[in-house]
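Work through the exercises below with the sequence and the model in view. Each task is followed by a solution in steps.

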Amino acid sequence: MRQSTLKQVINNTESTQRQYALRSRAIALGWDHSQIIVIDTDQGQSGASTEGRDGFQRLVAEVGMGHAGIVLGLEVSRLARNNTDWHRLLEICALTGTLILDEDGLYDPGNFNDRLLLGLKGTMSEAELHLLKARLRGGVLSKARRGELVQPLPVGLVYDHAERVVLDPDASVQQAIRHLLVTFAATGSAYAVVKAFADAGLKFPRRLRTGPNKGELTWGILQHHRVLQILHNPRYAGAFFYGRHSHRRGPGGKTATRVLPRDQWTVLITDAHPGYLTWAEFEANQARLAELAAAHGTDRKASPPREGTALLQGVVSCGKCGRRMTVRYQHYKGTSKPIYLCQYEGIRNAHPICQTMVGDQIDAAVGELLLSTLTPLTLEVALRVSDELAGRVEEADQLRAACVERARYRADLARRRYLAVDPANRLVADTLEADWNASLRELAEATEEYDRAKNTAIGPLSPETRARITAPAADFPRLWNDPATPMRERKRMIRLLVTDVTLTKTDHISVGVVLHGGQSHQLTLPRPLTGWELRQTDPAVIAALD
């Protein structure tokens, strides 16, 4: 006996009673109580396969060992809805002389006519399962194409009483998500977002999907995979989508999930509900993530900016074959020099390296070009940077204040619950008193953390601070050459200003620089000395040779 889901077991009790009544029918046919075995361990299991069906596997084992004389079931679909499993059972029953009985009659699998009829019943049972799934999927697709299908929403979005998607009414949740998106727009890196939240001591919301506290909102440390989930989710851009993933069952029964390209999604409706960013901003975020993805091979368009000294890392192309050039570092006399080389064919097909050249002279020339070209625009850039820093400080302060407000609300709620209980009921009063004390401790910790962060934060930028930020930024050469400026930030500036740098080495080095907007510059540099040539001119080497 079997029913497909636990919901059917609980609600469809009549089917359960009819199946258990088969025992009485077997007794009426002449079998003794001790000879009847009821297998009901497959309750709540689908008959589409034998995976997880211990009862069916036990039935096959008993029949195969010749311990069963007859198998009783209301209908064929109770035994199996898969032709492979069904016909295997028929073969074993035919070999051991086991009969099969259902509501329509008695069958001998060893008889050709009975076996043919049972095979047709198994085929119809499997087809019925397909028809049921097709009807259910048809209804789902119909609602999905209208954008009305109810789906689990990510944190920050909820359904209202009319099942319309709206922003979470909790202001602290909205502030946390907007702060994440603004930080990514400023830094361009998911890891930088995680680092910014960790440095500021900010927490991020998460809604529980399973367990006894399902549906509750919790706050914890922001992790890298959570940032990527939010950035890749079109729901935050107000879009409804369906069919983004493809599911396929493997040979071992394990389901493999694959993310499909956007043009293969079943449904995509933009501006379907309110969101935290526009669709254009979402597309820009996807392009930035794809551009800086740390993938391998042809999937990687440009590697993320690193901390190395190669200024043009990720934006250099070979002038001979047109492929992207990689970076290698050469250490000589305690210094590290970047080497740009085109080794695509060398790695794939063992061909000689296309081009290789020392990069410090090239980096210096491109940096001087940018300094001479972009100096008039630096004042405007500096003011925008100053305003952005002030906005970040204010957003972080609002998030910390919201955390204190949540702790204060929980403490007040625990106090009201404790005061509402009968003092004589100590079993309940003691528990509520402990909850109140725990809420007060959380409030004290949140308030202390807020005060400490507020005292250590730079606060809103004063006119003096704004002038100190603007003064060095207005002098772009000094900001560019400042040793305190991280190399990674210089590379980010390069990528904001430069589209591509093409290198060609002949008797000299030709550097083609294309800026955003289409403006191009051509530089000609002398060939630098190689490592062997440097050693030839080293006084210590010459003295040793002499």
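A residue is called buried under 20% relative accessible area, exposed over 50%, and partly exposed in between, with a 1.4 Å probe and the protein chains only. Helices (H or I, at least four residues) and strands (E, at least two) are DSSP runs, numbered from the N terminus. The model is predicted: local features need pLDDT of at least 70, side-chain atom pairs count only at pLDDT 80 or more, and totals for chains, interfaces and linings use all residues. Residues are numbered from 1 along each chain as its sequence is written, and side-chain values use heavy atoms, with hydrogens and water left out.

**Exercise 1. Helix α10**

Task: Find which residues of helix α10 are buried, and say where they lie around the axis.

Solution. Step one is to go through residues 224-232, the span of helix α10; R226, V227, I230 and L231 are buried there. Step two is to look down the axis of α10: the buried residues fall within an arc of 130°, so they line one face of the helix. The arc is that of the directions from the helix axis to the C-beta atoms. Step three is to list the partners. The buried residues of α10 pack against α8 (171-187), α9 (190-200), β6 (204-207) and α11 (279-291), where a contact means heavy atoms within 4.5 Å.

**Exercise 2. The whole chain**

Task: Describe the chain by its secondary structure, burial, contacts and surface.

Solution. Begin with the elements: the chain has 20 helices and 18 strands. Next, take burial: 35% of the 546 residues count as buried. Then turn to contacts with a separation of 6 or more; 56% of them join residues 24 or more positions apart. Last, the accessible surface is about 32,100 Å², and carbon and sulfur atoms hold 55% of that. These areas come from the Shrake-Rupley method with a 1.4 Å probe, and for residues only the protein chains shown count as cover.

**Exercise 3. Cavities**

Task: How many cavities of 30 Å³ or more does the structure hold, and what lines the largest cavity?

Solution. Start with the terms. On a 1 Å grid over the protein atoms alone, a cavity is a set of points where a 1.4 Å probe fits but cannot get out; a pocket is an open set with protein on both sides within 12 Å along at least five of seven lines; lining residues have an atom within 4 Å of a point. Grid points are joined across faces, edges and corners, and a volume is the space filled by probe spheres set on the points.

The count is 3 cavities. The largest cavity holds about 150 Å³, and its lining includes G201, W219, R400 and Y450. Helix α14 (378-420) gives the most, with 4 residues. By class, this lining has 6 nonpolar, 1 polar and 4 charged residues. Here Ala, Val, Leu, Ile, Met, Phe, Trp, Tyr, Cys and Pro are nonpolar, Asp, Glu, Lys and Arg are charged, and the others, Gly among them, are polar.

**Exercise 4. The second largest pocket**

Task: Which residues lie nearest the centre of the second largest pocket, and which element gives the largest share of its lining?

Solution. The volume of the second largest pocket is about 750 Å³. Of its 30 lining residues, I37, V38, I70, V71 and L72 lie nearest the centre. The largest share comes from α4, with 4 residues. Sorted by class, the lining has 17 nonpolar, 7 polar and 6 charged residues.
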